[in-house]
Amino acid sequence: MADMVKLFVNGVEVEVEAGKNLIDAIGAVGIEIPHLCYHPALGADGNCRMCLVGIEDGRPPLVPACKTPAMAGMKVLLDAEHIRKIQRDVMELELINHPTDCPVCDQAGECRLQDYYMSYDRRQSRMTVPQVVKGKKMAFGCGVVHDQERCVLCGRCVRFCRQITKTGELGIINRSDDARVNIFPGRPLHNRYALNVVDLCPVGAMTSADFRFQQRVWFLKKSPGVCHGCARGCSITVDHNREKEQEARIYRLRPRHNPLVNGYFICDSGRMSYKAEEEGRLNEARHGRLARSVDQALLAVAEDLAQGGKITFILSPDSSLEQMVTIRALAEKLGATLSGFSDGWIIPGDGDDFLIRDDKAANRAGLELLGIDCSRTGFTAAVEAADLVVNCNNDLGRSLSAEELGQLFQSRRLISFASHRREIDNQAEIVIPVASWSEYAGSVINCQGILQHFPRAVVRNQPPMELVELIARLGSPLQSEADCWQELARLPGLPADPATIPTEGLQLNDNEAAHDQP
Ligand code: SF4
Ligand code: SF4
Ligand code: FES
């Protein structure tokens, strides 16, 4: 528990964390101090002067809040006329050479300069001289597009590449009103986290080539999610929208601050993984060569399961805990075996010492907690002994070659529940499309043993059914989310109600990996 102190803001007493800089300390009780260059993950640089505040204790009349720690009894002034004046002056300085074309800027709606102009300035420009001309639409690499004219030289992007990725691709060159951010000649951005500079940039100077001009941000619905790109399970925001009568679409994924899991950042590959939610999806159920409704196909699956014989269910290490436990319950009822074989999801050496993990599965820890065998030998034995194999959305093509899969399934019946079109499903007798992670609510446990719950983000025009619902309809004893959590609550540390899982997740165990935090 942090030490707390009482201080005064504009004469009103508030209790804040001792020693924190005033932006964060006072911000935590809902009082905003405007700032451009400071970012909690990058520290105080003190270059923008937007955060100047008054301290009534004999200090100089104005101090930068980003570099001033909160102390007991401090009298902080935010609204005195001389502070308002300095804020207007800083805004005027920032806007001297800034293009005044917010309506066509991609950052409009989430731009600090625009917001601060409305809150602290609102004056006509006094400038009569032409604005300095700088670089536009500069491809900096890794899908980052830079506009030098919009840049306020806060240095966040430069510090990110120096302090966080330690790759140092960006610098500020020249002086005075000719100063600008640039890459070094022939050395574009080249790191796996580069697109974070787009989020860090407080204005429209760093944009993503993928997202820019695709959608006005005020039309986007923002849903909390968990990235399924690797075992880190970064907290994200899923920005999506349905335009008029068209299909709902994800436009971008952004990091959602989570001090336990990913801090303020995500990797570029996870950020771009939304495309896989949109592309290559399986849309139609099939029985044999004939297209069927989901109901017809499910009836055929139920008949196949009722025939008896040896059945093996294959689970995906990307599935939610709710899906896993529902399938496990059905398998137990039918006397079937279970396998979570997914060796190919692990890419040795691909992870790094920051966020990215070798294991590209979001919930392998869930499989382990539920005691589901993931070994290759267990998988081979279970499949070879089975008359019927039910693959529950495990992309087996990651772990086995087409030839190996062909041999395994040539003489036994295969049923596939799949969110995406995959080669293996050509061999399946029955194929049924299922929802992918952005289309259902669920829970996953990451590589640090942190349990996170996420709501359903996207509702398609014709939403694919959720795996839990299909398995419940096939007779799983677990028929609802409440049933799932009653079962999951038997496991050590798991709650009985996912609504009680904190936003940043619940630490389930205190092993070494648990301390592996960004
Ligand atoms: S590009 Fe953005 S983040 Fe970088 S210095 Fe300019 S305003 Fe700051
Ligand atoms: S580190 Fe892993 S979980 Fe995080 S954004 Fe990247 S792929 Fe997704
Ligand atoms: S935020 Fe304090 S000087 Fe920029």
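## Two crossing helices

Helix 9 (residues 321-334) packs against helix 14 (residues 481-488) at an angle of about 85 degrees, and their axes lie 10 Å apart. Helices here are DSSP runs of H or I with at least four residues, and strands are runs of E with at least two, numbered from the N terminus. Axes are lines fitted to C-alpha atoms, for helices over the stretch in contact, and angles run from 0 to 180 degrees between N-to-C directions. The two helices are therefore roughly perpendicular, a label for angles of 65 to 115 degrees.

Helix 9 brings Leu321, Glu322, Val325, Thr326 and Ala329 to the contact. Helix 14 brings Glu481, Cys484, Glu487 and Leu488. Contact means C-beta atoms, placed from the backbone, within 7 Å. By class, this contact has 5 nonpolar, 1 polar and 3 charged residues. Ala, Val, Leu, Ile, Met, Phe, Trp, Tyr, Cys and Pro count as nonpolar; Asp, Glu, Lys and Arg count as charged; the others, Gly among them, count as polar.

The model is predicted: local features need pLDDT of at least 70, side-chain atom pairs count only at pLDDT 80 or more, and totals for chains, interfaces and linings use all residues. Residues are numbered from 1 along each chain as its sequence is written, while chains are lettered from A and ligands numbered from 1 in the order in which they are written.

## The seven-strand sheet

Helix 9 also lies across strand 16 (311-315), strand 17 and strand 18, at about 170 degrees to strand 16. These strands belong to an open, mixed sheet of 7 strands, ordered 15-14-20-19-18-16-17. Strands pair if DSSP finds at least two bridges between them. Strand 15 (290-292) and strand 17 (337-339) are the edges, each pairing on one side only. The twist averages 20 degrees from one strand to the next.

Strand 18 (residues 388-392) and strand 19 (residues 413-418) run parallel, joined by 5 bridges. Valine 390 has isoleucine 415 of strand 19 as its bridge partner.

Another open sheet has 3 strands in the order 21-22-23, with antiparallel pairing. Strand 21 (442-445) and strand 23 (506-507) each have a single partner strand, so one side of each lacks a neighbour in the sheet. Strand 22 (residues 450-454) is joined to strand 23 by 2 bridges. Isoleucine 450 has glutamine 507 as its bridge partner.

## Two ligands

Ligand 1 has 13 residues around it, the closest being Cys151, Cys154, Cys157, Cys201 and Ala205. A residue counts as near if its C-beta atom, placed from the backbone, lies within 6 Å. This shell has 11 nonpolar, 1 polar and 1 charged residues.

Definitions and conventions
Angles under 35 degrees count as roughly parallel, over 145 as roughly antiparallel, 65 to 115 as roughly perpendicular and the rest as oblique. Two residues are in contact if their C-beta atoms, placed from the backbone, lie within 7 Å.
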